[in-house]
Amino acid sequence: MNERWRDVARATGLVAADGSVRPTIFAEMSALAARTGAANLGQGFPDEDGPTWIRELAARAALGGENQYPPGRGIAALREAVAAHQARHYGIEVDPESEVLVTAGATEALTAVILALAGPGDEVLTLEPFYDSHAAAIAMSGATHVTVPLVPGASGFRLNTAALDEAAGPRTRLILINTPHNPTGTVLTGDELAAIAAAAQRTGALVVTDEVYEHLTFDGAKHTPIAALPGMRERTVTISSAGKTFSLTGWKIGWASGPAEAIDAMLTIKQFLTFSGGAPFQPAIARALTDGDADIAALRDTLGTRRDLLLHGLAEAGFTTMRPDGTYFVCADASPFVTDERPDGAAFASWLTEHVGVACIPLAAFCREGSPTAAALANWVRFTFVKDEATIRTALERLAALKRS
């Protein structure tokens, strides 16, 4: 049997020691949490649905007959709303007719652009840790995955710019970044973005930027799209979605904007993936992007409160944490709780779920197996604060037992 599928599984750490393919770490930990009754601070999906008025728009669209294939590029109203959003928030002008593509979530957009523009002999450079779908799409393309570390320090997880300069070279086809960053919660600074832009311009690479948490930043941290930097408008494909911004992850409405040539290449791939979808959801998200700023602000405020609650409780329990500037996640060093019986973050996460009743995700799951970054973060875990406050408080009550043990 052709083993290419196993290469994809291997790239995301899904091949077990016996050669079998196991579920993703998110599915594995959520299943363990459900089986044990643990408070699930592992998988990052909201406990609450998005704004009622947006969901009502989708219901009316479905009942009103918007249930067949929408155009492959997405309905005009949504493409126009995406273009208006980029102009209003960031001063980036894009043509909704040729420079915007609606996708089945950000994951399809990421997969389509990598399959369209990278292949065997090319290198795709990402940050490390990285979201698992990035590695899978690179493996599917046949390109080589090259990583640059985000390093924990006094100011949070920061990009190793010297490693970036060394890693970016003549075979670098795409530089894939994620800011605000899952899993670390860092928001790339202007200097870090400028270093990435310089590497792209030096090597002739296209930048693909995953910005699904673009509006979920805290403490005055500001998200700046790399496409807004000088010389980067025509060298960047920007990807986002409604899932995180409006707590509607199951709708799978995402989009990409960027140079028409890149968008056309993505469309060529996308039409043989989903072709199109989300017919009644697309008009609802078009309105949400236009009229939903107050809802976004309310979500950001409540997430900030829950983040602070989780940070305080983790510190009280004995963890060293990194204060995230954005996203849904807090990363914590579990070294004080590592023992011979639970020798790293992965073993600790399983033990914590089964014996303490709190689920988290080991940070090494977001790294290449055996990489220096995986080794450096071997004892780190990620908790999410996108759950309701009662779930977070339950988790913290249980975690308090760690300090007493």
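Which exposed residues does the face of α3 turned away from its buried side carry? They are R60 and L63, where exposed means over 50% relative accessible area, buried under 20%, and partly exposed in between (1.4 Å probe, protein chains only). Please keep in mind that this is a predicted model: local features need pLDDT of at least 70, side-chain atom pairs count only at pLDDT 80 or more, and totals for chains, interfaces and linings use all residues. Residues are numbered from 1 along each chain as its sequence is written, and side-chain values use heavy atoms, with hydrogens and water left out.

**Helix α3**

- Helix α3 covers residues 52-63; helices here are DSSP runs of H or I with at least four residues, strands are runs of E with at least two, and both are numbered from the N terminus.
- I54, L57, A58 and A61 are the buried residues to look for in α3.
- Seen down the helix axis, the buried residues of α3 fall within an arc of 95°, so they line one face of the helix; the arc is that of the directions from the helix axis to the C-beta atoms.
- L63 belongs to helix α3 and is exposed, with a relative accessible area of 79%.
- Between L63 and Y131 there are 68 residues in sequence and 36 Å in space, C-alpha to C-alpha.

**Helix α5**

- α5 has 13 residues and reaches 19 Å from its first C-alpha to its last, close to the 18 Å expected at 1.5 Å a residue.
- Ten of those 13 residues are buried, so α5 is largely enclosed by the rest of the structure.
- Among the buried residues of α5 are G105, E108, T111 and L117.

**The second largest pocket**

- Rolling a probe the size of a water molecule over the atoms shows where empty space is left.
- On a 1 Å grid over the protein atoms alone, a pocket is an open set of points where a 1.4 Å probe fits, with protein on both sides within 12 Å along at least five of seven lines; lining residues have an atom within 4 Å of a point.
- The volume of the second largest pocket is about 510 Å³; grid points are joined across faces, edges and corners, and a volume is the space filled by probe spheres set on the points.
- Its lining has 25 residues, and T107, Y131, Y213, K244 and K252 lie nearest the centre.
- α5 (105-117), α6 (132-141) and α9 (242-245) each supply at least two lining residues, and α5 gives the most, with four.
- By type, the lining of this pocket has nine nonpolar, eleven polar and five charged residues; Ala, Val, Leu, Ile, Met, Phe, Trp, Tyr, Cys and Pro count as nonpolar, Asp, Glu, Lys and Arg as charged, and the others, Gly among them, as polar.

**Cysteines**

- A disulfide is a covalent bond between the sulfur atoms of two cysteines.
- With a disulfide taken as a pair of cysteine sulfur atoms within 2.5 Å, a search of the whole structure finds zero.
- For C331, the closest cysteine sulfur is in C367, and at 9.9 Å it is too far for a bond.
- C360 is in no disulfide either, as its nearest cysteine sulfur, that of C331, is 11 Å away.
- C331 counts as buried at 0% relative accessibility, and C360 counts as buried at 0% relative accessibility.

- The peptide bond joining T179 and P180 is cis, with omega about -10°, and P180 sits in the loop between β6 (172-178) and α8 (190-203).
- A cis peptide bond also joins N182 and P183, with omega about 25°; P183 is placed in the loop between β6 and α8.
- F275 is not a glycine, yet its phi is positive, near 60°; it lies in the loop between α10 (260-270) and α11 (281-291) and is partly exposed, with a relative accessible area of 33%.
- T327, likewise not a glycine, has a positive phi of about 75°; it is found in the loop between β10 (320-322) and β11 (329-333) and is buried at 0%.
- F383, in strand β14 (residues 380-384), is buried, with a relative accessible area of 0%.
- F383 and A359 lie 24 residues apart in sequence and 7.9 Å apart in space, C-alpha to C-alpha.

Definitions and conventions
Expected span 1.5 Å × (residues − 1).
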